[in-house]
Amino acid sequence: MRHTVTRRVAIAILATVWVTLVVGGCFAYWTTRAMLLADLDDSLRARALSLPLVAGGANGAPIPLHASDRYLIQNEVGRTVARSVQEPPLAGGTELIDATFVRLPGSHRLRRIALRTSVAAAGSAGGLETVTIVFSGSAESFDRVLSRLALALAGTGLLSGLAATLVAVHVSRAALRPLHSAADVIAMIDERSLDRRLDAESLPPELSPLVDRTNDMLGRLGHAFAQRRQFLADASHELRTPVAALLSTLQVSLRRPRTEQALRAVLAHCLTDVKMLWRLVERLLEQVHTEQRSSQDKVEEVEAATALAACAHVARQLALNAQVEVITDLSPGLWLRVDADRLRSMMLNLLSNAVEHNRPAGTVQLRTEETPGGGVKLIVADTGGGIAAEHLPHIFEPFYRAHGARSQTGDRHLGLGLYLAQSHAVSMGGRIEVASEVGRGTRFTVVLPPDAVSRRQGKLVDVLRNAHCRIPMD
Amino acid sequence: MRILVAEDHPSLARSLCDGLRDEGYAVDITFDGAEALYLASTHPYDCVVLDIMLPGLDGWQVLQQLRAASRHIPVLCLTARDGVADRVRGLDLGADDYLPKPFEWEELLARIRAAIRHGHRQPSSVLVIGDLEIDTVRKSVVRAGRTIPVTAREFALLNYLAFRKGEVVSRSEIWEHLYDMNDVNTSNVVDVYIAYLRNKIDRDAPVKLIHTRRGLGYVLTNEPQA
C-alpha cells in the first residue's frame with residue numbers, strides 16, 4: 001500500500017515525539033522519584049534519630065513527629081525498649097530491611113526504615129547498647145507528588161504528540177497543495193495551449209528541478225507542434241495556387257463554347273498541372289510517413305558505393321536532358337548502417353537538385369570521404385549558379401525557394417526536397433551542410449556519425465562484387 | 001477597360017488573361033513584381049490583379065510603392081495566403097480588395113467590376129446618361145427602352161466613355177484603355193468604332209449623346225454644350 005506523504009510525516013512525527021517524550025518522561029519521573037524518596041528517607045531518619053530515647057540530651061530542638069509516624073525500638077535480644085502508640089509494622093522475619101513501602105489496610109501507604117544505632121543503656125550508667133529502630137511514616141505526600149508528576153508528563157506527552165502531528169499534517173498538506181494546482185494547470189494543457197508554464201514560485205524549492213524540466217518539455221513540445229502547424233499551413237498554402245490554376249483554367253474554358261482543338265489544349269494543360277499537384281501531394285505524404293516511420297526504420301548494412309552508384313545512375317537519366325555529366329568517386333568497402341530507403345531518397349533529392357540547378361555542360365560530382373572521427377561524408381557538388389549567402393540558412397526550410405516564388409519555366413521545384421533530405425539525415429544521426437559560391441556552384445555534404453558507419457571491413461570479395469555492380473544496367 | 005495581371009504561376013496567369021479577354025477586357029500579363037510596378041506606373045490600367053508571391057518585388061512592395069507614388073489604380077490582391085493578418089495587411093497597404101485562391105470566376109469578375117467602378121467613382125453597375133442605360137454586368141445597352149445589340153469592342157468603348165461621362169477623352173486615352181500591349185495602334189481604329197457606336201445609338205435618336213471635340217477627342221454627355 002502506498003502511503004501518502006502526509007501520512008508518513010504524521011506517523012514519523014507522532015512516533016518521534018512520543019518516543020522522545022516517553023523516554024524523557026520516564027527519565028524525569030524516575031530521577032525525581034529517586035530524589036524525593038531519598039528526601040523522604042532522610043526526613044524519616046531525622047525524625048527517628050530525634051526520638052528522645054535516641055537523641056538523649058543532645059543539643060538542638062527535637063523534630064516533632066508526624067501524626068502518622070510509628071516506631072519501635074528493640075535491643076539486641078529483641079526486647080522492645082520503646083515504641084509509639086500505634087504499632088509499627090514489624091520487619092518480616094529476622095532480616096532487617098533498610099527501607100521499604102508497607103501497605104496497611106485502612107490507611108495510606110507507609111514508608112518504613114530500619115536503623116541500627118547506639119543509645120545510652122537503661123539501667124547501667126554510661127553504657128551503650130545497640131538498638132534497632134523501625135520507623136515508618138506516611139508516604140502520602142510522596143505518592144501524591146509523584147502521581148501528579150506522572151500525570152503531567154503523560155498528559156504533556158500525549159498532547160505534544162497530537163499537537164505536533166496535527167501541525168505536521170497541516171504543514172505537509174499546505175506544502176503539497178500547490179502541487180494540486182500545478183496538476184490542474186497540467187490537466188488543462190493540450191496541443192492548443194502549450195504555451196502555459198508551471199509557476200515555480202508557487203511550489204516548494206525542492207520541486208524546482210521537476211518544474212523546470214516540465215516547463216522545458218512543454219517548450220519542446222510547443223516548438224514541435226508549432227513547426228508542425230507551420231508545415232501544414234505552408235503545405236496547404238502551397239496547394240492552393242496549383243488548385244486555383246486548375247479551377248480557373250477549367251472555369252474559363254467552360255464559360256464559352258470552344259473548339260475541340262482548344263478544349264484539347266486546355267485538357268493537356270490541366271493534365272500537366274494535375275501531375276505536378278500530385279507530386280506535391282506525394283512529397284507531403286512522404287513527409288508524414290517519414291515522421292511516422294522513424295520507429296519503423298529498417299537499419300541494415302548498406303554498401304555505400306553500390307547504393308550511391310545506383311542513385312547516380314538515376315540522376316544520369318535526368319542529366320541527359322540537361323546535358324550535365326554525373327561523375328562519381330566512391331571508395332569501395334565502405335559500409336553504412338542506415339535505413340536503405342532513406343539513404344536512397346536523401347541522395348536522390350540532392351542529386352536531382354544538383355542536376356536541375358546546373359548549367360549546360362556542367363558537372364555533378366558524387367563522392368564519399370571518411371572523416372577522422374570514424375564518421376563519413378557523402379558529398380554532392382554541382383557547377384550551377386550557386387546560392388546567395390542570405391538564402392543559405394533557409395534552404396532547408398519547407399517550401400523555401402531562393403527566388404521567393406516559382407520559376408517562370410514551370411514549377412518542377414516544390415521546395416520540399418532539401419527539407420526531406422535533411423530530415424532523413426537527422427534520422428541517421430547526421431546532418432547536411434551546404435557551401436555555395438554564386439556563379440561557381442554548390443556543394444552539399446551529408447555528414448554521418450560513426451554510429452552510421454559499419455565496422456564491417458570491406459573484403460576482396462566485396463570489392464570485386466562492387467566493381468561488377470558499377471556497370472550500369474540500362 | 002484595361003487590366004494588368006501580375007501572377008507568376010504560368011497556368012493561372014494564362015487562364016486569367018484568357019478569361020478576362022473573353023469578358024472584353026484588354027489584358028497585360030507580367031510574371032515579375034518589378035515589371036508589374038513599372039507597368040502599373042506607366043500605363044493607365046483600370047484595375048490591377050496582383051498576386052502577393054511574386055519574384056523580384058513581392059506584391060506587398062509593389063502595392064506600397066504604387067500608393068507611395070499616388071497611383072490610384074484599383075488593386076485586387078490575389079493570393080494563396082488567407083490569414084486575417086494578411087488580408088488586413090493588404091487592405092492597409094492600399095489594396096482595394098482581396099481574393100484568396102482558389103476562387104470562383106463569377107466572384108473574380110464581380111470584384112473586378114466593382115474595383116473598376118470605384119476607380120471611376122461610379123456607385124452603380126448600371127450607367128445612365130439621359131435615356132441611355134448601360135448595364136455593365138449584363139453587358140447590355142438600352143436606349144429609350146429599346147435594346148441595342150453591340151459587339152464586345154463597341155461595348156467596351158461605350159462603357160469607358162460612360163465612365164468618363166461629361167469629360168472629353170482623347171483618342172490616345174481611349175486606345176490606352178481598350179487595347180493591351182500586344183495590339184498595334186492603327187491610326188483610326190478609334191474613329192471607326194466611334195462611328196459604329198454613333199450609328200447604333202445616336203442615329204435614330206433625337207438627342208445626340210456622342211460628341212466630337214475637334215482636336216481634343218470625344219465626349220459622351222446629354223448636357224447641352226457650351
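**Salt bridges and a buried strand**

Asp180(B) is buried, with a relative accessible area of 7%. The model in which this residue is described is predicted. Over all chains, the count of salt bridges comes to 33.

**Salt bridge within a helix of chain A**
- The side chains of Glu140(A) and Arg144(A) form a salt bridge, with an N to O distance of 4.0 Å.
- Both residues belong to helix H3 (residues 140-187) of chain A, where they are four residues apart, about one turn of the helix.
- Glu140(A) counts as partly exposed because its relative accessibility is 38%, and Arg144(A) also counts as partly exposed, at 41%.

**Salt bridges between separate parts of chain B**
- Asp180(B) meets Arg21(B) in a salt bridge, at 3.3 Å from N to O.
- Arg21(B) is part of helix H1 (residues 10-22) of chain B, whereas Asp180(B) is in the loop between helix H7 (171-178) and helix H8 (189-201), so the pair ties together parts that are 159 residues apart in sequence.
- In contrast to buried Asp180(B), Arg21(B) is partly exposed, at 32% relative accessibility.
- A salt bridge also links Arg143(B) with Asp131(B), whose closest N and O atoms are 2.8 Å apart.
- Arg143(B) lies in strand S8 (residues 140-143) of chain B and Asp131(B) in the loop between strand S6 (126-129) and strand S7 (132-135), so this pair ties together parts that are twelve residues apart in sequence.
- Arg143(B) is buried, with a relative accessible area of 5%, while Asp131(B) is partly exposed, at 36%.

- Arg255(A), Arg256(A), Arg258(A), Asp22(B), Glu23(B), Glu106(B) and Lys139(B) are joined into one network by salt bridges that share partners.

**Strand S3 of chain B**
- Strand S3 (residues 47-51) of chain B is mostly covered, five of its five residues being buried.
- In a regular strand, side chains alternate between the two faces of the sheet.
- Both faces of S3(B) are covered: Cys47(B), Val49(B) and Asp51(B) are buried on one side, and Val48(B) and Leu50(B) on the other.
- Strand S1 (residues 2-6) of chain B runs parallel to S3(B) and is joined to it by four bridges; Leu50(B) in S3(B) is the bridge partner of Ala6(B).
- Four bridges also join S3(B) to strand S4 (residues 75-79) of chain B, again in parallel, and Asp51(B) stands opposite Leu78(B) in S4(B).
- From S3(B) the chain crosses through helix H3 (residues 59-68) of chain B to S4(B), in a right-handed β-α-β crossover.

Key. Residues numbered from 1 in each chain as written. Chains lettered and ligands numbered in written order. Predicted model: local features only at pLDDT ≥ 70, side-chain atom pairs only at ≥ 80, totals over all residues. Heavy atoms only, no water. Helix = DSSP H or I, 4+ residues; strand = E, 2+ residues; numbered from the N terminus. Buried < 20%, exposed > 50% of the residue type's maximum accessible area, 1.4 Å probe, protein only. Pairing = 2+ DSSP bridges. Right-handed = clockwise from strand over helix to strand, strands pointing away.
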